[in-house]
Amino acid sequence: MVWIKALAVNALAPNTRQVVKLEERSLLLLNESGTIYAIDNICPHLKLPLKKGKVTPDGSIVCPWHRSEFDLATGNVKTWCPFPPVVGNVLGKISSEKTLGVFPTKVEDEQILVDLSV
Ligand code: FES
């Protein structure tokens, strides 16, 4: 594992999020009630930003564009492109189903560290 400093932990209060650039990658850091996630800030459907995606009570993030839903812990697809109705199904076929990039995190010396090597 290769841990890289991403952000001071006190810059990410509970239930907030922040986009950081790490090794040419746009990452979305989320602090969900004390659990810190690092995910690609780019939806794998049409490469649009996930920053404003809604987090569900069961630990998923929903893309604000066509509402694909991804597990925050694994990146697995729960729902692929259901929106808008009917058109979403067509848009979903433009790009085949892909998992979201998720990366391990840990906090050390008041810093959030992310491992991009996975
Ligand atoms: S860009 Fe995210 S679901 Fe289409």
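Predicted model: local features only at pLDDT ≥ 70, side-chain atom pairs only at ≥ 80, totals over all residues.
1. β3 covers 25-32 and β4 covers 35-40. The two strands run antiparallel, and 6 bridges join them. Their hairpin has 2 residues between the strands. Ser 33 takes a positive phi there, near 50°.

2. β4 also pairs with β9, the strand of residues 102-103. This pairing is antiparallel too, with 2 bridges. Look for Ala 38: Phe 103 of β9 stands opposite.

3. Now the largest nonpolar core. The core holds 20 residues. Those touching the most other members are Ala 6, Leu 27, Leu 29, Ala 38, Ile 39 and Val 114. Four named strands, β3, β4, β6 (60-62) and β11 (111-115), each give two or more residues to this core. β3 gives the most, with 4 residues.

4. Next, the backbone. Most residues other than glycine have a negative phi, and most peptide bonds are trans. The points below describe departures from that pattern.

5. Asn 15 is not a glycine, yet its phi is positive, about 65°. Find Asn 15 in the loop between β1 (3-8) and β2 (16-22). Is Asn 15 buried or exposed? Asn 15 has 11 other C-beta atoms within 10 Å. A residue with 12 or fewer is exposed, so Asn 15 counts as exposed.

6. Arg 67 also has a positive phi, near 65°. This residue sits in the loop between β6 and β7 (69-71). Arg 67 has 17 C-beta neighbours inside 10 Å. Buried needs 20 or more, and exposed needs 12 or fewer. Arg 67 therefore counts as partly exposed.

7. Last, where is the cis peptide bond? The bond joins Phe 83 and Pro 84, with omega about -10°. Pro 84 belongs to the loop between β8 (77-79) and α1 (87-94).

Definitions and conventions:
Residues numbered from 1 in each chain as written. Core = buried A, V, L, I, M, F, W, Y, C linked by C-beta atoms within 7 Å. Pairing = 2+ DSSP bridges.
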